[in-house]
Amino acid sequence: MPLYRDECVVLRTHKLGEADRIVTMLSREHGKIRAVAKGVRRTASKFGSRLEPFMVVDAQFYDGRSLDIVTQAESLGAYGARIVADYGAYTAASAMVETADRLSEADAGLQQYLLLVGALRSLSRGEHQPSATLDSYLLRAMSIAGWAPSFSDCAVTGEPGPHSAFVVQLGGVVADSAAPPGTPRLDPATLAVLGQLLAGDWGSVDVTDERTRSRASGVVAAYAQWHLERSLRSLPHVDRTEHPSPLAPHPGGVPAAVAAVPAPAVPTPDDHDPALGGTRA
């Protein structure tokens, strides 16, 4: 049977039989992979600990009839232990991998892979507030998937902003002439931090007050779940508790969306923003 290798992020696992496990991964080149890891639940397994959620591995597979088989796995990013040791980071990472799992049902490219790896690395290092890292990841993942929100110009008419009316179904802020009756309004500070989260302007995000970030988080959650067409089970459990500074590292019935003008350019992962989407260390 043909063999292939790829770099992968482990999204989730399921028990299979007495000693095996089904592992769902987002890969660098092959999209989403579901494979069987044989014997990894035995204490003598050589690579079972590497195939846990939030781990980044270089894995070898061979094609199976229904599921591929994992034959080797070498650790590239051992982020799992540090993430699960902190509740805030763990809940944020759980929402991230659930989102990546949903988005990769239809298509998954290199940008989604790099974005997730960068976000998990940032969580494991405690570079920013976990909830802020999650919000930035969600906005960027939606943008890469083709649903980039607009926080400045009108998402319907393209009229230059600033605008305060925000309609999730329409793709972001809209001019007063395009806003449906009863449209909620966002204050300038909330719109500013939303734009900063999308752009990865961490110098500004990290000094934003807790109340403004909380309002922005609500907008991000609504936007992501609308475009995913169903709720994220992990999102209600995300710990939104703010810390004085970034944590130190340690071991329905909504109208159909209206076509909008072209969305803002998607931020390209690069080395200038190591928190989200930079190349692997």
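A: The structure holds 11 salt bridges, a salt bridge being a side-chain nitrogen of Lys or Arg within 4 Å of a carboxyl oxygen of Asp or Glu. This is a predicted model, in which local features need pLDDT of at least 70 and side-chain atom pairs count only at pLDDT 80 or more, while totals for chains, interfaces and linings use all residues. Residues are numbered from 1 along each chain as its sequence is written, and side-chain values use heavy atoms, with hydrogens and water left out.

One of the salt bridges joins aspartate 101 to arginine 12, with the closest N and O atoms 2.5 Å apart. Because aspartate 101 lies in helix 2 and arginine 12 in strand 1, the pair ties together parts that are 89 residues apart in sequence. Helices (H or I, at least four residues) and strands (E, at least two) are DSSP runs, numbered from the N terminus. Aspartate 101 counts as buried, at 9% relative accessibility, whereas arginine 12 is partly exposed at 28%. Here buried means under 20% relative accessible area, exposed means over 50%, and partly exposed lies in between (1.4 Å probe, protein chains only).

A second example is glutamate 74 with arginine 50, whose closest N and O atoms are 3.9 Å apart. Glutamate 74 belongs to strand 5 (residues 68–77) and arginine 50 to the loop between strand 3 (32–37) and strand 4 (56–62), so this pair ties together parts 24 residues apart in sequence. Glutamate 74 is partly exposed, at 42% relative accessibility, and arginine 50 is partly exposed, at 24%.

Arginine 240 is partly exposed, with a relative accessible area of 29%, while aspartate 135 counts as buried at 3%. Salt bridges that share partners also join Arg12, Lys32 and Asp101 into one network.

Next come the nonpolar cores. A nonpolar core is a set of buried Ala, Val, Leu, Ile, Met, Phe, Trp, Tyr and Cys residues joined through side-chain atoms within 4.5 Å. The largest has 52 residues, and Leu116, Leu120 and Tyr137 have the most contacts inside it. Among the elements that give two or more residues to this core are strand 1 (3–16), helix 2 and helix 4 (130–144). Leucine 120 touches Val9, Phe54, Tyr79, Ile83, Ala93 and Met96, not counting residues up to four places away in sequence; contact here means heavy atoms within 4.5 Å. A second, separate core of 17 residues includes Cys8, Ala35, Phe47 and Val57. Cysteine 8 counts as buried, at 0% relative accessibility.

Helix 2 (residues 87–103) also holds tyrosine 90, which is partly exposed at 38% relative accessibility. Val84, Tyr87 and Tyr90 make a nonpolar surface patch of about 320 Å².

For the whole protein chain, there are 7 helices and 7 strands, and buried residues make up 52% of the 281 residues.

Notes:
Patch = residues over 30% accessible without salt bridge, like charges linked within 9 Å, V, L, I, M, F, W, Y side chains within 5 Å. Areas by Shrake-Rupley, 256 points an atom, 1.4 Å probe, with all protein chains shown as cover.
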